[in-house]
Amino acid sequence: MEIWRDNVGSISIGRDNSPLHNVGVQDVEAPSILRSTLFLDHVGDVVLTLDSEGLSWDLLDSFETDESVCLGIKFSPKIAKETKFFDVYGVEFVKYGFMHGSNPANVGKYFLSCKFRDSEMHRFRVHGVQKSHTQPCLWVPTTYTFGHKDLETCQLWVNRINASLKIKKERPKNLLVFVNPRSGKANGWRTWESVAPIFSRANVEVKVVVTERAGHAFDVMASLANKELNSYDGVIAVGGDGFFNEILNGFLLPRYRARHPPFPSDFIHSVEGKGNALVPKSNETVPETAHKNEDNSPLISSSTCNRSGLENFRTEDGANPTDQDLEFSRLKERFRFGIIPAGSTDAIVMCTTGTRDPVTSALHIVLGKRVYLDIAQVVRWKASSTANIEPCVRYAASFAGYGFYGDVITESEKYRWMGPKRYDYAGTKVFLRHRSYEAEVAYMETESEKINSFAGKGHLFSRTRAVWGPEKSERAVCRMNCGVCKRRPSYMSTRSPRATPYSRSEETRWRRCRGHFLSIGAAVISNRNERAPDGLVADAHLSDGFLHLLLIRDCPRALYLWHLTQLAKRGGKPLNFEFVEQHKTPAFTFTSFGNESVWNLDGELFHAHQLSAQVFQGLISLFASGPEV
Ligand SMILES: Nc1ncnc2c1ncn2[C@@H]1O[C@H](COP(=O)(O)OP(=O)(O)OP(=O)(O)O)[C@@H](O)[C@H]1O
């Protein structure tokens with residue numbers, strides 16, 4: 001290939017070595033190679049090449065060799081030499097101005113030959129992403145500023161880079177952003193301000209709504225027509241898990257209709273089953289009693305509860321979905337959620353990006369990453385022991401917890417002014433109370449669960465494993481491009497994607513346990529956070545179609561403290577206690593035998609005396625690529 005170069009003119013060479021003509025913005029189909037001599041800020045003259053993959057550059061004076069030798073010492077340039085388009089999120093003109101000569105710290109060879117040069121020229125900046133050297137989950141923005149005396153040459157490059165970025169269809173162009181100014185240490189707005197420039201550099205249009213009260217984001221999401229929502233590529237929550245939960249419910253409650261999980265007493269003892277094996281009663285219907293919403297939740301009015309609760313969606317056995325269902329299904333496929341962490345816990349961000357960093361999250365969003373997330377549908381049947389049955393649906397993306405977890409969230413609400421520290425304070429208070437609650441839980445048994453209980457009846461080793469759960473080395477931790485999350489769970493294999501695991505009652509077996517529990521929790525994802533670095537359940541996945549039911553039976557306070565300290569430790573084994581049961585299940589039901597009954601859904605209060613929950617595999621997608629742990 002013949003290359004012609006000088007310091008003023010640009011060079012453009014096509015695949016066939018023929019010079020290219022200036023390429024317009026629309027000219028996406030242009031030949032794929034462009035090459036010019038440009039000045040790279042803090043480096044010097046480079047030959048810049050654009051091809052279908054990205055940009056690469058070589059120092060002009062070392063075009064043929066990458067290193068120089070002086071007094072027998074080799075000097076290799078430390079500067080980056082390329083950036084791929086999948087890591088580039090924007091390009092922009094910057095004002096005509098100074099470009100700086102080579103930086104001795106960066107370019108060994110240039111240091112030796114002392115080629116410093118500062119001069120004014122036309123400039124453009126390419127914005128990309130790079131992984132931090134110390135923490136692979138942390139992404140940092142990088143900028144390369146190129147300059148040329150000739151404006152047209154810069155224009156040509158900006159147009160060509162823009163054209164290459166435009167064909168990245170997964171990248172968002174228009175987003176709805178909710179900012180909770182009260183999140184965490186009340187710094188939601190500052191967090192948004194710190195990342196907003198990333199969105200403008202990436203040419204993403206944003207409509208920003210700063211919430212004025214709890215429930216505001218829910219109301220906006222619930223009231224938008226599907227057509228209007230469709231004009232956005234997604235919605236971004238600048239806040240914590242509770243705020244994200246509000247937006248998620250505003251999206252799903254008025255639009256997504258799914259068959260409910262069974263009512264807690266919808267079971268009869270299995271004919272072949274011994275002990276606590278149960279099957280759901282077929283064709284059981286739940287009384288549709290109108291009842292006032294007793295939950296003081298600002299999120300869901302009783303009308304929303306009734307509407308979403310009573311419309312059982314039965315499409316899996318032949319019924320046709322309505323136009324509205326089809327419209328929602330299409331919307332759900334393309335629409336994505338994003339979270340810019342500003343809350344007190346931020347477990348969903350930790351699990352989906354591997355870190356808790358607003359800039360990393362913003363970069364995941366503008367680069368159009370996608371990861372699917374399981375969502376738990378929680379149906380409260382009765383808010384209190386004396387209430388009538390009135391189904392009320394809520395969705396949770398991370399966790400549903402009762403007992404200790406419900407009490408901590410109730411207590412912590414009184415100390416919101418403390419910011420994130422309120423959880424430590426409330427946690428200590430609740431721990432010292434050491435209360436247990438009588439309840440009954442029934443969960444659907446899956447094949448893997450059966451294997452565990454069968455193994456438990458064998459020799460001692462197997463039994464120890466069944467009670468204590470898998471050893472750490474056996475855990476398949478969820479990662480980027482996780483294979484487990486791509487599989488359909490075994491309980492779904494013979495059914496349509498819409499079918500729930502108990503569509504055919506004869507195929508499912510449930511197990512029941514009653515007792516006094518310190519806590520009951522259902523983790524949708526691992527829930528890694530700063531207080532539990534491996535998460536509540538280290539081997540939970542983002543979209544494997546399972547809930548991890550944790551039943552923590554009453555035990556001496558010292559043992560419970562031991563369990564909690566294991567949770568707080570990296571590499572700890574919080575589930576390796578006899579009083580802790582872990583069941584991987586797609587659904588469970590719960591009935592309290594006490595008077596108070598408070599659940600914690602994604603960090604938000606939910607009063608429920610009787611409830612059922614089920615998981616929907618990969619129901620929504622997030623602008624994230626999964627943790628790189
Ligand atoms: N403008 C507002 N004023 C008061 N509360 C608000 C406002 N906007 C949203 N909220 C409510 O604040 C609650 C908590 O918000 P968020 O989840 O962002 O922070 P957090 O509780 O500190 O973090 P985390 O949930 O991660 O622990 C949510 O329930 C949300 O409904």
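**Exercise 1.** Explain why strand E23 (residues 587-592) is largely enclosed by the rest of the structure.

*Solution.* Begin with the term: a residue is buried if 20 or more other C-beta atoms, placed from the backbone, lie within 10 Å of its own. Six of the six residues of E23 are buried, so the strand is largely enclosed by the rest of the structure. The model is predicted, and local features need pLDDT of at least 70, side-chain atom pairs count only at pLDDT 80 or more, while totals for chains, interfaces and linings use all residues. Residues are numbered from 1 along each chain as its sequence is written.

**Exercise 2.** Find which residues of E23 point one way and which the other way.

*Solution.* In a regular strand the side chains alternate between the two faces of the sheet. Accordingly, Ala587, Thr589 and Thr591 point one way from E23, and Phe588, Phe590 and Ser592 point the other way.

**Exercise 3.** Determine how many bridges join E23 to strand E19 (residues 437-445) and how many join E23 to strand E26 (residues 610-622).

*Solution.* Strands are DSSP runs of E with at least two residues, numbered from the N terminus, and two of them pair if DSSP finds at least two bridges between them. Five bridges join E19 to E23, and these strands run antiparallel; here Glu440 stands opposite Thr591. Five bridges also join E23 to E26, again antiparallel, where Phe590 has Leu611 as its bridge partner.

Note on methods. Buried ≥ 20, exposed ≤ 12 C-beta atoms within 10 Å, placed from the backbone. Helix = DSSP H or I, 4+ residues; strand = E, 2+ residues; numbered from the N terminus.
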